[in-house]
Amino acid sequence: MKQISNIFFYFIMAALTTGCHKKLDITQNNRLSASNMWQDASDLRNAVNGTYIYLRNTLKTDILYWGEYRNGMWGPGTNGVLHDNNMATTVSGTMNSTNAFASWTDFYTTINEANLILKYGSEMSVTPEAKDFALGNAHFVRALCYFWIARIWGDAPLALEGFESTSQDMYLARSPQAEVLSQVGADIAAAEGYIKTTMTDKTIATPQALAMLKAEYALWMYAVRKMGDSYLSMAESAIASLNLSAALLETSYGNIFTTKRGKEIIFALHQENGESTGGFSSQQFWNRTYLQSQHINTTVPIADNQWWMYTTRYINLITGVANDIRAPLSYGHGPYGTGGVEVGWANKFIGQMISGTRVLNSDIIMYRYAGAYLLDAEIKYYRKNYPGALASLGVITNRAYGQPNHYTSTADADVLNAIVEENLKEFTSEGNTWWTLIRTDKVWDYNASLASQKNKINILLWPIAQSAINRNYNLVQTEGWN
């Protein structure tokens, strides 16, 4: 497993002892320099590993706030009340600049590390393999971060050099969303020149992970940004490079979540006991107080409190087909509460029982081959190849229901609805259904609160944190938010 290297230990400790430069929300310290931090290939590898640690810290909890909880299919947990106003306003689309999840700080700290790798990795005398590894991963991580930033906040500062000194100008204004997305495309193209087939570790950039990012980016540019057919062709090419086969999917849906980095996984952010645990799943499990003792951590996984749970509509969708093998893994439920009260929970990322304690060490899954099939179905839908879309969808439904022809209508609306519904069922609690709903313009069908605000400018974006505006006089709030 990757470990925080000496460079990152020094980096973090320096920040703790001298403070963080907050003008752009980038943790840095002006004692870092090439002379003492960037000496050989091991420094580069450690820097890359540390960048993924930053990326994991960025997404481990917030990925569902940005990529799922606004889809209208989630609501309050145990006591029917969301934990705080930050959660409630996220669901309703009424957030403001003080919402805890409006902060982009961790993204920019991750980007800064990628920028430093690009700077020093280009200059260092190391083997071509070491340079490819470092530069490929740095471009991949920066592309991924800016892709999320552009989709969450729209316009955003475009930092393309590493900040190391307080003498540098860190008061960057927000660049237009189009420029941020253009940089994503440039980084994807640059990464393709460095990421080799020999790179197979599923916790870092591989050709397959890059292809998924490229396909998702290209579909966004085509469907949301309306940038034309060349992007749809780009998405097709990216998916074709994966050489999809049903054999790439786990036969057992449960194996995806119980076997770390199994055959279906393309890219995941690694967690393990003693190194990193917890994240969004800790907000989806019951407190032991509400459960019959014999079911605690046997039948029902527990955490501090269950703040989030599926709505009735989502439960009905998940359980809508009687023999759907995904349902038990997506939705755990039964009369396990005190007094036999029915309880329910999102059941995918339950971690492991270690020495009698549940440890929430499940990896954060970013891309898997089922997602590639669903992107392929979406691409074929946009091409009006409706039978082809249903054939790709049939690989998913064959595993789920044993029915490759579960959907038969080739009417435009029926095919699109099938793609959206299978996305919602296949990827419960994985942090990406929100993006599918935006690409397909189906948000309004699932989140009534957002539908009532459809004419509000930038309603699908987030406000930026007021703390960022306070620190950087060049930042202005997202139009339409406060």
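Guide: Let's start with a word we'll need: a residue is buried if its relative accessible area is under 20%, exposed if over 50%, and partly exposed in between, using a 1.4 Å probe and protein chains only. Helices (H or I, at least four residues) and strands (E, at least two) are DSSP runs, numbered from the N terminus. What you see is a predicted model, where local features need pLDDT of at least 70 and side-chain atom pairs count only at pLDDT 80 or more, while totals for chains, interfaces and linings use all residues. Residues are numbered from 1 along each chain as its sequence is written, and side-chain values use heavy atoms, with hydrogens and water left out.

Our part is helix 5, residues 85-92. Of its 8 residues, 6 are buried, so the rest of the structure largely encloses this helix. The buried ones are Asn86, Met87, Thr89, Thr90, Val91 and Ser92. What lies over them? Their cover includes helix 4 (63-67), strand 1 (74-76), strand 3 (308-310) and helix 19 (448-452), where contact means heavy atoms within 4.5 Å.

Now look at the two ends. Where helix 5 starts, Asp84 puts a side-chain oxygen within 3.1 Å of the backbone nitrogen of Asn86. For a polar contact, the pair must be N or O atoms within 3.5 Å; within protein, one must be able to donate a hydrogen and the other to accept it, and residues adjacent in sequence count only if both atoms are side-chain atoms. After helix 5 comes Gly93, with a positive phi near 70°.

Let's step back for some surroundings. A nonpolar core is a set of buried Ala, Val, Leu, Ile, Met, Phe, Trp, Tyr and Cys residues joined through side-chain atoms within 4.5 Å. The largest one here has 142 residues, and Tyr52, Phe140, Trp148, Phe267 and Met366 have the most contacts inside it. Helix 7 (residues 128-153) gives the most to this core, 17 residues. Another core, of 11 residues, lies apart from it, with Trp286, Ile296, Val343 and Leu360 among them.

Lys384 is in the loop between helix 14 and helix 15 (386-401) and, at 58% relative accessibility, is exposed. Ser429 is in the loop between helix 16 and helix 17, but at 2% it is buried.
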